[in-house]
Amino acid sequence: VLRISHPDVFIDSDIRVNMPPCVSVRQVLNSPTSSRKLIDSKPDRHRQSILRYILRRWIEIGKGRTLVICQLPVEIWLREQQLPAEIELAHFNAIAGLDHYRDVRSLIVVGRTQPGPEGIEAMAATLSGAMPKIIMTAVNGFTWYDSVQRGIRLRNGSGIAVKGDVHPDEFCEAIRKLITEAEQVQAVGRARGIWRTKETPLDIDLVFNTVVPITVDQVQEWGRESLLIKTAAEGVML
């Protein structure tokens, strides 16, 4: 994408940095975090389930300062739920460069931002001045990206295969990645994991299926959250 305005740009080096042992990363697969389920769905049972997950993890990690990053409509809804003061909220596309959360005890990244293929293709045409390859195949009248198998990289050297989206046009795919995966990586960076020491541990929860270039310690399937979590967060367990 940079080559549109800077045709001579090139990749100088491939820089990779390991998270320190005091940072634990878990990825939760098949959670109800799509826009259809988490934003458009009525009633709000999926949002309630995400809320209970957030509260449970906050309790498990000792009720320390916790940052939740999600889509804006979800953030607005969560703010209405009177969360504990230690749980702070932010949304995608409004977090770049923020250093305010560098000392949170835990970070929970919920879902993703991703326009449909038509939106990406319009952006590509506008930026490049050329018509990109268009996704023509529709299933039940609904056009979406092609599916490809990707792998979540585990710290033990193994991997977990998951399905991911891909656009057949190289430039469109670059834009899609900037909007989706790059924004999720931006979210993870708010907690400044690579600066942590054993005195400042960090737990990161990736509540989405997208594969990002981050080594994960644990992968688990989404499970049903107990209805008692809300009362437990207030100090009462029946």
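1. Let's start with the lining of the largest pocket: 13 of its residues are polar, 9 are charged and 5 are nonpolar. Bear in mind as you read that this is a predicted model.

2. How much space lies in that largest pocket? About 830 Å³. The lining has 27 residues, and if you want to find the centre on screen, look for S34, S35, R112, W144 and D165, the ones closest to it. Two elements, α2 (35-38) and β8 (159-166), each give two or more residues to this lining.

3. Now for the second largest pocket, where about 710 Å³ of space lies. Here 19 residues form the lining, and the ones closest to the centre are V17, M19, I194, P213 and I214. Sorted by class, the lining of this second largest pocket comes out as 9 nonpolar, 5 polar and 5 charged residues.

4. Which helix gives the most to the lining of the second largest pocket? That would be α7, covering residues 181-189, with 4 residues. Keep α7 in view, as the next point is about its neighbour.

5. Helix α6 (residues 170-179) and helix α7 have axes that come within 3 Å of each other and cross at roughly 25°. Angles under 35 degrees count as roughly parallel, so α6 is roughly parallel to α7.

6. Where do the two helices touch? On the α6 side, R176, K177, L178 and I179 take part, and they meet E181, A182 and E183 of α7. This contact is made up of 4 charged and 3 nonpolar residues, with no polar ones.

7. Helix α2 has come up already, as one of the elements giving two or more residues to the lining of the largest pocket. Is N30 buried, exposed or something in between? The relative accessible area of N30 is 47%, and exposed would need over 50% while buried would need under 20%, so N30 counts as partly exposed.

8. Which residues does N30 touch, leaving aside those up to four places away in sequence? They are N209, E221 and W222. Take E221 as one of these: N30 and E221 lie 191 residues apart in sequence, yet their C-alpha atoms are 6.4 Å apart in space.

Note on methods. Residues numbered from 1 in each chain as written. Predicted model: local features only at pLDDT ≥ 70, side-chain atom pairs only at ≥ 80, totals over all residues. Heavy atoms only, no water. 1 Å grid on protein atoms, 1.4 Å probe; cavity = no way out; pocket = protein on both sides within 12 Å on 5 of 7 lines; lining within 4 Å. Points joined across faces, edges and corners; volume = space filled by probe spheres on them. Nonpolar A, V, L, I, M, F, W, Y, C, P; charged D, E, K, R; others polar. Axes fitted to C-alpha atoms, helices over the stretch in contact; angles between N-to-C directions. Parallel < 35°, antiparallel > 145°, perpendicular 65-115°, else oblique. Contact = heavy atoms within 4.5 Å. Buried < 20%, exposed > 50% of the residue type's maximum accessible area, 1.4 Å probe, protein only.
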